[in-house]
Amino acid sequence: MIYEVRGVSRNLSKDELVRTHSIRINTSHRSPFVNPWRQRKRREACLLGMLAVVGIYAVRIGYEPILQFVAELGAVLLLLSGSIAFFWKQNRKALADARYRNNESPKIAGRLGIILGLVCIPILLRLAVAFTGSAAAWEMVWLTSFGFAAMGLALFGWRERDVGLSVICSGFLVLFAAASADEIAAVWCAILWAMICLWWLVANHWERLDQCMSHSVRRLPMLRLGSMLLGVTLALLTALIAWGQVGGSARLSWGFMPTSGGNDYGDEAARSGVGNGDAIVAAEQHAATFGAVDSNVFLDSDQPSLFDMFDDTLGEPFRPKQSERAVALKQQETSDLEGRPGESGSGGQSFPIARRKAEQPSKAKSDNSDVVLRWIGPTGSRLAMERFNVFDGVKWYASGTVAPQQLEHQKLNDRDWFFFSGSFDSAIHRKTYQQAVKVMRLKSPRIPAPSQVAGVSIKDVDRSDFFSISSDGSIFMPGRTSIPAQTNIRIVSWGVDEASLFQIDRFSYSRLERGDIQFRESGDAAEDAGPSVQRISAGVKEFERISRELASGELSDWKAVNKIVAYLRSEFEFDRAADCGLEDPLNEFYQQRRGGDHMFATAACVMLRALGIHSRLTTGFYADPDNFKFADGETSIFRDDAHVWLEVNVAGDVWIPVEPTPGYEHPKFNSSLLRLASQVCWASLPYLGAVACLLIAVWFSRIIWGELVCLLAWYLAALCSPRLRLRVWTKSIDFKCRLARLPRPMGVPQRRWIKNICGADKDISDKVDACFDQLDAIVFGGRPSNGFSDNKIADELIRQLNVRFLVKCHQ
Amino acid sequence: MVAVDELERKIPVIDASDFDRLRRLSGVLRSALLGKADKTDLVLTCLLAQGHLLLDDLPGTGKTTLAKALASSLGGRFARIQCTPDLLPTDITGFTLYNQKTHEFEFHSGPVFFDVLLADELNRTTPRTQSALLEAMAERQVTIDSEARPLADTFFVIATQNPIDSHGSYPLPEAQLDRFSIRLEIGYPDREAQLAMLERAVSETEVEGGPQLKEQVVMPLDVLHRLQTKVAMTKVHPSVREYLVDLVEATRQHGSVELGVSPRGMLIWQRMAQAWAVLHERDFVSPTDVQDVGSHVLSVRMIVRGGRLDKVVQEIFEQVPVPEYR
């Protein structure tokens with residue numbers, strides 16, 4: 001190593017030095033020249049390797065016996081000091097005995113042996129520890145071996161590139177450690193490593209320049225330090241910008257390490273990777289914690305829950321003038337919602353929009369305890385549970401508007417189906433779709449179903465009195481408090497043809513009184529706390545005004561609906577945590593411009609009703625596309641997927657869902673292809689524009705890119721066969737001619753073409769001749785092609801013959 | 001393997017001095033024909049390719065000077081025939097005469113047995129005489145009185161035609177034109193060359209005959225023969241061969257070509273390209289060589305309808321892709 005190069009170089013001729021130590025010697029300076037930076041390169045690479053090992057120790061430190069570390073380090077130090085001593089001795093011997101220096105092979109074998117020894121130490125120690133009964137984390141052992149290998153390569157590698165390989169290895173390790181260690185030391189290790197590596201690269205660059213062009217380079221020692229400092233500053237700036245943008249907790253949440261149990265995309269029983277597994281382990285270890293594990297055991301009972309699902313997600317309703325004696329719950333019990341069954345009250349209740357600010361419990365989505373429903377059907381569907389059609393300014397009430405219907409029993413394919421025909425309109429409904437919902441933990445007799453439901457089926461339930469239609473149009477199972485868990489309900493629902501909605505100018509309300517729309521008068525229909533005082537809130541007025549402004553033109557009803565939805569989606573922000581107050585929530589919502597989905601739905605209802613379009617508030621679930629599992633083909637619906645939207649009455653008993661809340665997908669309708677295409681076009685217009693701008697920019701800067709690609713290809717081809725490099729060269733020259741708008745006619749040989757363009761330049765002309773003479777000799781004369789790879793003239797030509805030069809020559 | 005070894009053995013050993021002589025010969029020709037380096041190179045190529053040369057030119061442009069310079073540099077014998085309508089085939093080939101002293105028939109060899117033959121105004125003589133010469137060129141032997149007599153190995157014919165004043169001339173038929181390797185037009189020298197000529201003529205004693213060339217053998221005939229063999233052995237890469245075939249087929253398929261290149265023409269083309277490569281001191285043929293000699297090889301053996309021949313040749317070269325470097 002270091003000493004050897006110094007010592008031997010006195011005796012060796014230059015050629016031998018080049019051969020044995022692969023030192024580049026500038027041929028223009030004939031004095032024997034030993035690279036003084038060589039020591040630095042190895043020293044720094046070794047330091048980087050040590051940092052990598054420290055980083056890996058930071059990952060291991062909390063989990064493995066300290067004795068093992070001591071033994072490991074001791075063994076490594078012993079091996080290193082022994083081998084360094086051996087090499088030192090050997091070097092002295094080499095100086096004394098001139099014959100020895102020609103014999104290279106024992107040195108390489110020795111170096112290889114030491115590197116292998118370094119690799120084996122952690123593995124052997126781990127095996128020893130495993131015999132004592134301690135558990136072994138093998139991936140950590142391999143990584144440590146890898147780190148020692150990096151150190152060994154830096155110290156004992158016999159080729160120039162071994163040092164580079166060592167730096168790459170240590171870089172991987174340091175990054176791995178920074179990403180996975182709990183200890184902050186690992187991160188500091190990585191930062192230090194990056195700085196040293198930056199210095200290493202800068203110094204290498206200058207070293208090469210020093211060697212190649214010692215006369216033509218002005219030496220500015222500050223430049224090296226300056227570029228290093230600039231790099232560090234840039235890195236710090238980037239870190240500052242990225243600070244807080246990238247969540248630390250999100251790292252490794254996919255759980256790719258084998259012992260972390262995989263991820264929940266592949267396996268539902270997995271612990272969702274590294275980060276979330278900790279919470280569960282903690283819950284297991286500490287009995288006092290209210291974790292996922294005991295909740296599964298204790299909370300899955302038939303006892304009525306204290307909490308309403310909608311209260312959890314949207315905030316508890318404000319109940320004035322009601323004071324019951326109650327005992328406050330402990331913080332732990334109220335804050336964690338893990339595993340509580342979803343409950344939604346039966347129909348006929350009220351839905352206040354005045355709610356306290358919803359608390360957002362932080363919880364780990366660790367297992368299936370939260371799943372309320374499973375939905376097999378299109379993602380982004382809304383499964384309705386309850387509808388409210390009367391609004392008094394603060395509260396929604398349900399007043400029965402749907403006449404009791406008898407469900408029609410049909411047997412299809414050995415299944416009993418129960419259809420109802422009331423909500424069917426041949427103009428709007430064209431196709432049927434079969435879907436399914438699986439009830440997991442839902443405390444309600446109502447069947448969650450899309451708005452356009454036409455029929456339901458539960459296996460082996462063949463009596464029609466098991467199903468009924470509630471007064472607000474939902475299907476429920478009478479005489480039950482809840483649908484049993486794990487029940488599979490098949491649903492047939494209609495697809496809505498959106499084009500037909502556009503064709504209807506004004507929606508008709510065949511079964512509704514106009515009075516129903518005038519919501520303020522219909523307050524006495526509510527059953528509890530009847531709003532004797534009519535609440536003509538400022539918020540309602542405000543929304544009515546906007547609605548009339550928006551629909552001031554002669555819009556058809558469905559266009560008006562779309563316009564209002566677009567208005568709410570663009571002007572307001574969805575935020576369930578927003579506090580809309582208790583007095584006049586709509587007004588507060590209007591002022592704050594933010595609120596929960598119930599506020600959006602209510603505002604949309606108010607606005608639509610102001611235009612004479614009848615609508616009703618609908619609560620239920622949203623099948624979030626994020627929760628779709630490819631493996632099962634179904635969407636899990638969690639407690640926090642509880643959602644409020646609205647339905648618009650378009651004809652008869654046909655209610656079409658409308659989604660005014662941003663962040664939720666629009667209901668899917670069957671559209672004509674043309675319509676879909678135009679929608680997609682408009683939606684993607686900004687992107688198309690951006691892509692077009694990018695393409696235009698690329699087109700105008702194509703010469704730069706073309707040159708860059710040519711140069712890159714030329715350098716990359718140095719790694720390939722000389723024959724390929726030759727082809728890359730000729731193709732690049734042709735390509736540059738094309739870029740310069742001087743494409744070579746296919747019948748003209750390349751040499752002739754280039755000389756034709758820039759034959760006036762004697763220097764270039766000579767170079768072209770020299771280059772093509774060699775090319776001809778290789779390609780047509782069968783000479784070996786190795787010569788072309790290090791053809792300096794070809795290298796110069798490919799730089800000199802740039803597009804600008806070609807154009808200039810041509811002119 | 002055996003065939004390859006045999007081939008290797010056959011390739012004559014060309015040393016640097018041979019190329020040196022070639023360069024010197026080129027120099028001699030250049031100084032003989034001032035300002036026409038490209039033409040003299042082609043003449044030399046034709047010589048190396050064992051072909052024959054047809055010069056289409058006006059009187060006084062240096063045809064004889066060129067031929068004489070060549071013959072004297074080669075150390076060979078030079079003959080010149082002025083072709084007239086009354087020239088007989090025996091005037092070219094030679095004849096047997098009864099010697100009354102010895103009572104034997106004696107053969108009196110004609111000019112075809114010389115090394116360099118200049119046939120001036122070939123189109124003035126009768127087709128009978130023309131064909132006698134052309135046969136001798138093609139066969140490299142002459143049969144007189146049922147006895148075949150071989151010509152010199154390095155036999156080289158420079159025939160000239162006068163493009164103007166075609167009254168009473170017998171234009172050469174295409175089949176016979178095909179026996180010439182290339183057709184050249186020397187043309188008038190440029191201004192500088194003419195000035196140099198005048199300057200040189202001042203010191204010369206002979207006014208009409210151009211410069212007095214030193215009677216010095218630059219390239220002996222055996223060296224020429226060696227070089228000619230070397231030319232025949234010059235390597236032609238398969239892709240170049242394919243390119244040549246593509247070009248030849250293109251001449252046959254081109255819309256305004258009446259007569260394309262014959263297989264004999266193709267062989268001559270390849271040999272010319274080989275000679276061109278050797279002249280440039282290479283031992284392989286590149287596509288550029290094929291193109292360099294192409295227009296001259298084609299101009300002697302293609303009949304073009306309407307338009308100019310050089311334009312058609314240009315078109316053909318443009319539409320046939322050259323072999324890529326791969």
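Two strands pair if DSSP finds at least two bridges between them; strands (E, at least two residues) and helices (H or I, at least four residues) are DSSP runs, numbered from the N terminus. The model shown is predicted, so local features need pLDDT of at least 70 and side-chain atom pairs, taken over heavy atoms without hydrogens or water, need pLDDT 80 or more, while totals for chains, interfaces and linings use all residues. Residues are numbered from 1 along each chain as its sequence is written, with chains lettered from A and ligands numbered from 1 in the order in which they are written.

View 1. Of the 811 residues in chain A, 47% are buried, meaning under 20% relative accessible area with a 1.4 Å probe, protein chains only.

**View 2. An open sheet in chain B.** Five strands line up in the order 2-5-8-1-9, with parallel pairing. Strand 2 (78-82) and strand 9 (182-184) of chain B each have a single partner strand, so one side of each lacks a neighbour in the sheet. From one strand to the next, the twist averages 20°.

**View 3. Two strands side by side.** Strand 2 of chain B runs parallel to strand 5 (residues 116-120) of chain B, and 5 bridges join them. Find B:Ala79, which sits opposite B:Leu117 in strand 5 of chain B.

**View 4. A helix on the sheet.** Helix 3 (residues 37-48) of chain B packs on the sheet and touches strand 1 (53-56), strand 8 (156-161) and strand 9 of chain B. Contact means heavy atoms within 4.5 Å. The direction of helix 3 makes about 155° with that of strand 9 of chain B; axes are lines fitted to C-alpha atoms, for helices over the stretch in contact, and angles run from 0 to 180 degrees between N-to-C directions.

Conventions: Buried means under 20% relative accessible area, exposed over 50%, partly exposed in between (1.4 Å probe, protein chains only).
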